Amino acid sequence: GGQCDDWRQLILSHHEAQTLAELYVGACVNIDSRDSAVTYMLSGCMRAGVAERRLAPLYQALRRGFGDGEMDRVMATVRAYCDAGCSGGKAAEALGIHKNTMNYRINKILNLIGMNGDGAFAREFFLRLLLLYHRRNADDRL
């Protein structure tokens with residue numbers, strides 16, 4: 001809402017406004033919140049072409065591993081896991097499944113996308129990108 005002093009700030013403001021408009025789902029989005037800031041960053045990665053270069057092969061690996069009909073359930077598992085701060089126990093509770101079932105699912109997902117040996121930040125980052133990728137693919141099918 002403030003005045004931009006140079007063209008770089010103007011471009012950043014434009015990208016921020018565009019992303020906020022894309023994220024708008026009926027509630028006010030505060031870019032200063034941690035979740036909104038992460039979503040903003042992830043959305044920027046999607047626009048930068050990360051989706052096709054890096055995410056499409058990961059998503060296809062999940063589809064081959066679980067089957068096309070299971071992708072909504074797989075992504076619900078990923079969402080619950082991310083929403084629970086990557087805690088298998090809390091995610092299992094949210095989904096109403098046993099903790100061992102949750103751990104099995106997440107380990108299978110991470111193995112299929114080749115991220116089981118990566119650090120927690122990288123795993124969560126790519127899982128959240130996969131959620132955005134899945135949502136965009138679902139929107140394209142409608």
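**Rings and core**

The charged end of lysine 108 sits over the ring of phenylalanine 66, 4.5 Å from the ring's centre (the term asks for NZ of Lys or CZ of Arg within 6 Å of the ring centre and within 35 degrees of the ring normal). This is a predicted model, in which local features need pLDDT of at least 70 and side-chain atom pairs count only at pLDDT 80 or more, while totals for chains, interfaces and linings use all residues. Residues are numbered from 1 along each chain as its sequence is written, and side-chain values use heavy atoms, leaving out hydrogens and water.

Rings of Phe, Tyr and Trp (its six-membered ring) pair if their centres lie within 6.5 Å, and they count as stacked with planes under 30 degrees apart, as edge-to-face over 60 and as tilted for the rest. By this rule there are 3 aromatic pairs. Tyrosine 59 and tyrosine 133 make an edge-to-face pair, 5.2 Å centre to centre with 70° between the planes. Because tyrosine 59 lies in helix H3 (residues 50-66) and tyrosine 133 in helix H7 (residues 120-141), this pair ties together parts that are 74 residues apart in sequence; helices are DSSP runs (H or I, at least four residues), numbered from the N terminus.

Together, Phe121, Phe125 and Phe126 form one aromatic cluster.

Terms used:
Helix = DSSP H or I, 4+ residues; strand = E, 2+ residues; numbered from the N terminus.
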